[in-house]
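Biologist: Can you walk me through this one?
Modeller: Here it is; ask as you go.

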Amino acid sequence: MLQEKADLPAAPAPRRGGTPPSGLYRALQVFGELLLTAGVVLLLFVAWQLWWTNLDADARQREVVRDFAQDLAGHQSALPAANTGVAGSAGQVSGSRSPGSKGSAKPAAVAPEPAPGTTIGVVYVPRFGADYTRPVVQGTTPEVLDSLGLGHYAGTAMPGAAGNFALAGHRQTHGAVLDNIDALVPGDRIYVQTREGYYIYRFRNSEIVLPTATDVLLPVPARPAATPTESYLTMTSCNPRFGSQERIIAYSLLERWQPASAGPPAEIAGQVARTLGDG
Amino acid sequence: MYGWIFSKLPGPLWLRIVTSLVLLGGVLVLMVQFLFPWMAQFSPFTDSTIGLARHP
């Protein structure tokens, strides 16, 4: 310290011309500038993580939804036009809980599991906002979750099948697709639109578990030996917000199903029209 | 350090200011493209899956 004090008063003067600054002064200056740089880089990283990744992921996900809508438009024009209004209205609550037993005469159509990175469909959750339209993509790798939307756990059931259609999504950053997962109220509808049709799930309950609790992904969640007779939707995300010590799990049950030819359920009809209109 | 780099840039003052802004922009792009995605693996926000180890 004494050494510095002796050097410092003399140091600024030589910079204006005259004798060059001492080596210690220079080293201190470079060290200080590096520290300032590190601080700025860390602040920029925080801004990138908390703000920019959301903009980036939102744009990517809109693109994925648009591609899906385009694909769907091509797919549906190939089908015979059969918009005969077979299925009931969206508000209809079926008494029976087995998949596809009411609302449509046939059991729910089940698509095969696609290749990783392929779009399975689009999820609408009115509780998350009237404009909540997020893609579901096969796989739960960072490439999927960080930019493409909700990820479907490989090996779990597809929508409509007896078993567990399990999805993961970020609570914060990268689009924060499941930020409001804790706001779901039992009875809330979660709509999954695929090429086959609309799967209407009803949120039942949520729980907070440790990150290692893989039994939430079982065909019947948390029942290792059980054979599934119903169709579950399980969504997993970080808990708490901005943390990863736990996972928050939201369980829903398939309420009914309607084929694409029956058109969208009334509650999300406007949203679907907007989404498809983008295509 | 930065003063030294600035003094080594060629051209008149306005050109050196422009050059340093371009250099800063380039560094920012490199950070967003490579450094930040790498740093993200150390942040806790992105663990939303069950039972899967963090992918480095």
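**A strand pair and its surroundings**

Modeller: To start with one pair, A:Val136 stands opposite A:Leu150 in S3(A). This is a predicted model in which local features need pLDDT of at least 70 and side-chain atom pairs count only at pLDDT 80 or more, while totals for chains, interfaces and linings use all residues. Residues are numbered from 1 along each chain as its sequence is written, chains are lettered from A and ligands numbered from 1 in the order in which they are written, and side-chain values use heavy atoms, with hydrogens and water left out.

Biologist: How many bridges join S2 to S3 in chain A?
Modeller: Three, between S2 (residues 133-138) and S3 (residues 150-152), and the two run parallel. Strands pair here if DSSP finds at least two bridges between them.

Biologist: And how do S1 and S2 pair, parallel or antiparallel?
Modeller: Antiparallel, over five bridges, with S1 covering residues 119-124. A:Val122 is opposite A:Pro135 of S2(A).

Biologist: Is S2 buried or exposed?
Modeller: Six of its six residues are buried, so S2(A) is largely enclosed by the rest of the structure. Buried means under 20% relative accessible area, exposed over 50%, and partly exposed in between, with a 1.4 Å probe and protein chains only. Both faces are covered, with A:Thr133, A:Pro135 and A:Val137 on one side and A:Arg134, A:Val136 and A:Gln138 on the other.

Biologist: What do the strands close into?
Modeller: A barrel of eight strands in chain A, in the order S1-S2-S3-S4-S7-S8-S6-S5, with mixed pairing. On average, neighbouring strands of this sheet are turned by 30° against each other, direction ignored; the axes are lines fitted to C-alpha atoms, for helices over the stretch in contact, and angles run from 0 to 180 degrees between N-to-C directions.

Biologist: Where is Leu36 of chain A?
Modeller: A:Leu36 is in helix H3, residues 23-78. With a relative accessible area of 61%, A:Leu36 counts as exposed.

Biologist: Switching to Gln193 of chain A: buried or exposed?
Modeller: A:Gln193 counts as buried because its relative accessibility is 1%. A:Gln193 sits in strand S5, residues 189-194.

Biologist: Which residues touch the most other members of the largest nonpolar core?
Modeller: A:Val123, A:Leu184, A:Ile190 and A:Met235, out of 27 residues. The largest share, four residues, comes from S8(A). Such a core is a set of buried Ala, Val, Leu, Ile, Met, Phe, Trp, Tyr and Cys residues joined through side-chain atoms within 4.5 Å.
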